[in-house]
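This report walks through one protein model, section by section. Keep the sequence and the structure open while reading.

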Amino acid sequence: MKNFFTSMLGTLAALAICVVGAFALFLIGIGIVAALGNKKPASVVPGSYLVFDLSAVITDTPPKSSPTEFLAALNGEDDSPKNMQLRLVTHALREAAKDARISGVFLHGSLPPEAAPMVMALLR
């Protein structure tokens, strides 16, 4: 009888883990679909400008996120400054320099004075 209850408890625990895992995958799938469904591809016509927002935070590492930030981003309530990786910024600027359809770079936003040399180095 003891083996029966031990086996039954193990089976119920495994079932609970599977249900929780399936639910988590379902939520992640909904999040991915919601994030991808709201974006339309950018069109680049001849004479376009690459718009660069200087109020974004540029870091060397991927930004850390929490579950609340993820849910806020899915709901469109994310008002925090955007984080960008330095690698992606430099890659975008290099690709824009090669693209004949891009006429220039439009910089806007606030930039602290100590960050100006870094931006000038990126634009070279």
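## Salt bridges

Lys-98 and Glu-95 form a salt bridge, with their closest N and O atoms 3.7 Å apart. A salt bridge here is a side-chain nitrogen of Lys or Arg within 4 Å of a carboxyl oxygen of Asp or Glu. Both residues sit in helix H3 (residues 86–98), and because they are 3 residues apart, about one helical turn separates them. Helices (H or I, at least four residues) and strands (E, at least two) are DSSP runs, numbered from the N terminus. Lys-98 is exposed, at 65% relative accessible area. Glu-95 is partly exposed, at 37%. The cut-offs are these: buried is under 20% relative accessible area, exposed is over 50%, and partly exposed lies in between (1.4 Å probe, protein chains only).

How many salt bridges does a search of the whole structure find? The count is 2. Asp-99 and Arg-101 also meet in a salt bridge through their side chains, at 3.0 Å from N to O. Asp-99 is partly exposed, with 21% relative accessibility. Arg-101 is partly exposed too, at 37%.

## Model and confidence

This is a predicted model: local features need pLDDT of at least 70, side-chain atom pairs count only at pLDDT 80 or more, and totals for chains, interfaces and linings use all residues. Residues are numbered from 1 along each chain as its sequence is written, and side-chain values use heavy atoms, with hydrogens and water left out.

The mean pLDDT of the protein is 77. That score is the predictor's confidence in each residue, from 0 to 100. Of the residues, 70% reach 70 or more. Confidence is highest in H1, at a mean of 86. It is lowest in helix H2 (residues 67–75), at a mean of 64. Where pLDDT is low, the predicted coordinates should not be read in detail.

## Overall build

The protein has 4 helices and 4 strands. From the N terminus on, the order is α-β-β-α-β-α-β-α. Of its 124 residues, 13% count as buried.

The protein exposes about 10100 Å², and carbon and sulfur atoms supply 68% of that area. Accessible areas come from the Shrake-Rupley method with a 1.4 Å probe; for residues, only the protein chains shown count as cover. Take the contacts between residues at least 6 apart in sequence: 87% of them join residues at least 24 apart. Contact means heavy atoms within 4.5 Å.

Met-1, Phe-4, Phe-5, Met-8, Leu-12, Leu-15 and Val-19 make a nonpolar surface patch of about 770 Å². Patches are made of residues with over 30% relative accessible area and no salt bridge; like charges are joined within 9 Å, and nonpolar side chains (Val, Leu, Ile, Met, Phe, Trp, Tyr) within 5 Å. Phe-4 belongs to helix H1 (residues 2–37). Its relative accessible area is 48%, so Phe-4 counts as partly exposed. Phe-5 is partly exposed as well, also at 48%.

The whole structure holds 1 aromatic pair. Why is the pair of Phe-4 and Phe-5 edge-to-face? The ring centres are 5.4 Å apart and the planes stand at 65 degrees, so the pair is edge-to-face. Rings of Phe, Tyr and Trp (its six-membered ring) pair if their centres lie within 6.5 Å; planes under 30 degrees apart count as stacked, over 60 as edge-to-face and the rest as tilted.

## Strands and a loop

Ser-48 is found in strand S1. Is Ser-48 buried or exposed? Ser-48 is buried, at 15% relative accessible area. Leaving out residues up to four places away in sequence, Ser-48 touches Arg-101, Ile-102, Ser-103 and Gly-104. Arg-101 is also a partner in the salt bridge with Asp-99.

Ala-56 lies in the loop between strand S1 (48–53) and strand S2 (57–59). At 15% relative accessibility, Ala-56 is buried. Asn-83 is 27 residues from Ala-56 in sequence, yet the two are 5.8 Å apart in space, C-alpha to C-alpha. Asn-83 lies in strand S3 (residues 83–85) and is partly exposed, at 39%.
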